[in-house]
Amino acid sequence: EGGAAAQKGVAVGSRLLLINGQDATALPYARCLEMVKSLPRPLHLVFEKSMAACDSAKGWVLVKKSAGSGPPSSMAGWQRMFFVVGGAVAKRHVLQLYSSKAQYEDIVVRMFQGQPLTGMKYKAYALSGTFKCSAIQSKVYKGEHQPVKYFALRNPYSRTKTMKFASQNPSI
């Protein structure tokens, strides 16, 4: 993030089309990597803009999965997770939860390379109208300067657990 590639619009999930004018779309990943590493500089690369950059919501959120729609009793009960809706590896209506942004990026790269995702833990939910969403509520935790704003999302396929999503961002 923030590097030369990002400043030019290249993001995780962007597709490499040309390497010094040569079509790279049919080349195996290993061959493309070898070419990028070994060809003389300056190197001219052409990318197709990542769908992850233009049709998804993503960022950090606090998450709690438990029975009922209420928030945890303390801030420590929330788990900070990286979320993506849609993006490079899922349909527009799929909510994905990752332990970190780096984990999401690793999964995107592995999927584009055709590598297995064994051992990678993440959650994906195909959101539909059958999910029930509560109103946004506030909770002030002891020792915190700002209230946490949260809402509950009830998965129709789970009989007991409800997902709560929260933020300490005061603009929400």
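Author: In this predicted model, L18 has V46 of β3 as its bridge partner. That bridge belongs to the pairing of β3 with strand β1, residues 15–19. The two strands run antiparallel and are joined by four bridges.

Strands β1 and β3 are part of an open sheet of three strands, in the order β2-β1-β3, with antiparallel pairing. The edges are taken by β2 (22–23) and β3 (45–48). Each of these has a single partner strand, so one side of each is left without a neighbour in the sheet. Helix α2, residues 29–38, packs on this sheet and touches β1, β2 and β3. The direction of α2 makes about 55 degrees with that of β1.

Empty space is found by rolling a probe the size of a water molecule over the atoms. The largest pocket has a volume of about 630 Å³. It is lined by 20 residues, and the closest to its centre are S14, R15, L16, Y29 and F47. From the sheet, β1 and β3 each supply at least two residues of the lining, as do α2 and α4 (101–113). Sorted by class, the lining of the largest pocket has 15 nonpolar residues, four polar ones and one charged.

Key:
Residues are numbered from 1 along each chain as its sequence is written. This is a predicted model: local features need pLDDT of at least 70, side-chain atom pairs count only at pLDDT 80 or more; totals for chains, interfaces and linings use all residues. Side-chain values use heavy atoms; hydrogens and water are left out. Two strands pair if DSSP finds at least two bridges between them. Contact means heavy atoms within 4.5 Å. Axes are lines fitted to C-alpha atoms, for helices over the stretch in contact, and angles run from 0 to 180 degrees between N-to-C directions. On a 1 Å grid over the protein atoms alone, a cavity is a set of points where a 1.4 Å probe fits but cannot get out, and a pocket is an open set with protein on both sides within 12 Å along at least five of seven lines; lining residues have an atom within 4 Å of a point. Grid points are joined across faces, edges and corners, and a volume is the space filled by probe spheres set on the points. Ala, Val, Leu, Ile, Met, Phe, Trp, Tyr, Cys and Pro count as nonpolar, Asp, Glu, Lys and Arg as charged, and the others, Gly among them, as polar.
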